[in-house]
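Colleague: I have some questions about this fold. Could you take me through them one by one?

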Amino acid sequence: MRMLCLFLLCAASAPAWGPTGHRVVAILAEERLDPALVARIRVILGGDSLADVSTWADEARNLPNWRHSGPWHYVNIGDGETYKSSRKEKRGDVLRAIERFQKDLTKRSGSLQKQRDALRFLIHFVADLHQPLHVGRAEDRGGNLIEVDWFGRRSNLHRVWDSDIIAQQRISFTRWAASLPRPTPEQAALWAKSKPLDWAVESQRLRPAVYRIRDGKLGQPYYADSLPIVRERLTQASVRLAALLEQSLR
């Protein structure tokens, strides 16, 4: 029982997208921002870039002040359910966290530290919400409890979508960012107008493709089907993060 509890705790704390995915979203978002706003953001972040702090929220879960933040990285919505009808996590979820920290960032009366924390969380959570298994099924902990083979190596479905698909290309996060096609102005405007709940619905609708794992031995066919989804979700997250920061800091 003790080992099972330890396994479940580790499964619940798996980071979304992994460092590479988060940095890709941050790089592309900063690319879209006005230089004056980028300079202002760097003042708030103490000189760091968006990419520099994009994984801070995962590290923060080990800090005394933020150990309660684990559930903020995801939201559980069952098949056939909506966010409204789903059972809510008492400690919060990614949608409520984004709403909270956007308000904190918008307030001019808050301390610099409060704005810094809000910004670091937002950079991370916007990306989290675009990973399909962070709008997950509670019964398998967003795919963490589904063991699979990934090109002959033991993994789980959540880890495949967090990092294995991205890592399969064996390139740096800067090359990953450079490889993604930039959306047209019309496409970017459409994505930017959407709300966090819309992003959650999109992730939920992608789950049937994510769970199409047959015997659990995942290789080139699954990778070829999944890579375009990952590429689009990273690009969408970057556009929406940039738009959210513009709205919050203008």
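Predicted model: local features only at pLDDT ≥ 70, side-chain atom pairs only at ≥ 80, totals over all residues.

Colleague: What is the volume of the second largest pocket, and which residues are closest to its centre?
Modeller: The space in the second largest pocket comes to about 280 Å³. In total, 17 residues line that pocket. The closest to its centre are Asn 76, Arg 87, Lys 88, Glu 89 and Ala 138.

Colleague: How many cavities of 30 Å³ or more are there, and what is the volume of the largest cavity?
Modeller: A cavity is a space where the probe fits but cannot get out. The count at 30 Å³ or more is one cavity. The largest cavity has a volume of about 60 Å³.

Colleague: Which helices each supply at least two residues of the lining of the largest cavity?
Modeller: Start with the lining residues. Among them are Leu 28, Glu 31 and Arg 32, and also Thr 235, Ser 238 and Val 239. By class, the lining has five nonpolar, two polar and three charged residues. The helices that each supply at least two are α2 (18-32) and α12.

Colleague: Is α8 roughly parallel or roughly perpendicular to α12?
Modeller: The axes of α8 (residues 157-167) and α12 (residues 220-249) come within 10 Å and cross at roughly 80°. Angles of 65 to 115 degrees count as roughly perpendicular. So α8 is, relative to α12, roughly perpendicular.

Colleague: How many charged residues are in the contact of α8 with α12?
Modeller: From α8 come Leu 157, Val 160, Trp 161, Ile 165 and Ile 166. They meet α12 residues including Tyr 222, Tyr 223, Ser 226 and Leu 227. The contact has 11 nonpolar residues and one polar, and the number of charged residues is none.

Colleague: Is Leu 129 buried or exposed?
Modeller: Leu 129 sits in helix α7 (residues 112-129). Buried means under 20% relative accessible area. Leu 129 has a relative accessible area of 0%, so it counts as buried.

Colleague: What separates the C-alpha atoms of Leu 129 and Ala 200?
Modeller: Leu 129 touches Ala 200, and its other contacts include Val 94, Pro 196, Trp 199 and Arg 233. Along the chain, Leu 129 and Ala 200 are 71 residues apart. Their C-alpha atoms are separated by 6.2 Å.

Colleague: Is Gln 113 exposed, partly exposed or buried?
Modeller: Gln 113 also lies in helix α7. Its C-alpha atom is separated by 22 Å from that of Arg 91, 22 residues apart along the chain. With a relative accessible area of 41%, Gln 113 is partly exposed.

Colleague: What is the phi of Arg 170?
Modeller: Most residues other than glycine have a negative phi. Arg 170 is in the loop between α8 and α9 (173-179). Its relative accessibility is 67%, so Arg 170 counts as exposed. Although Arg 170 is not a glycine, its phi is positive, at about 55°.

Colleague: Where is Arg 214 found, and how far is it from Glu 202 in space?
Modeller: Phi of Arg 214 is positive too, near 50°. Arg 214 is exposed, with a relative accessible area of 73%. It is found in the loop between α11 (196-210) and β5 (217-218). Arg 214 and Glu 202 are 12 residues apart in sequence, and C-alpha to C-alpha they are apart by 23 Å.

Note on methods. Residues numbered from 1 in each chain as written. Heavy atoms only, no water. Axes fitted to C-alpha atoms, helices over the stretch in contact; angles between N-to-C directions. Helix = DSSP H or I, 4+ residues; strand = E, 2+ residues; numbered from the N terminus. Parallel < 35°, antiparallel > 145°, perpendicular 65-115°, else oblique. Contact = heavy atoms within 4.5 Å. Nonpolar A, V, L, I, M, F, W, Y, C, P; charged D, E, K, R; others polar. Buried < 20%, exposed > 50% of the residue type's maximum accessible area, 1.4 Å probe, protein only. 1 Å grid on protein atoms, 1.4 Å probe; cavity = no way out; pocket = protein on both sides within 12 Å on 5 of 7 lines; lining within 4 Å. Points joined across faces, edges and corners; volume = space filled by probe spheres on them. Lists of a residue's contacts leave out its neighbours within four places in sequence.
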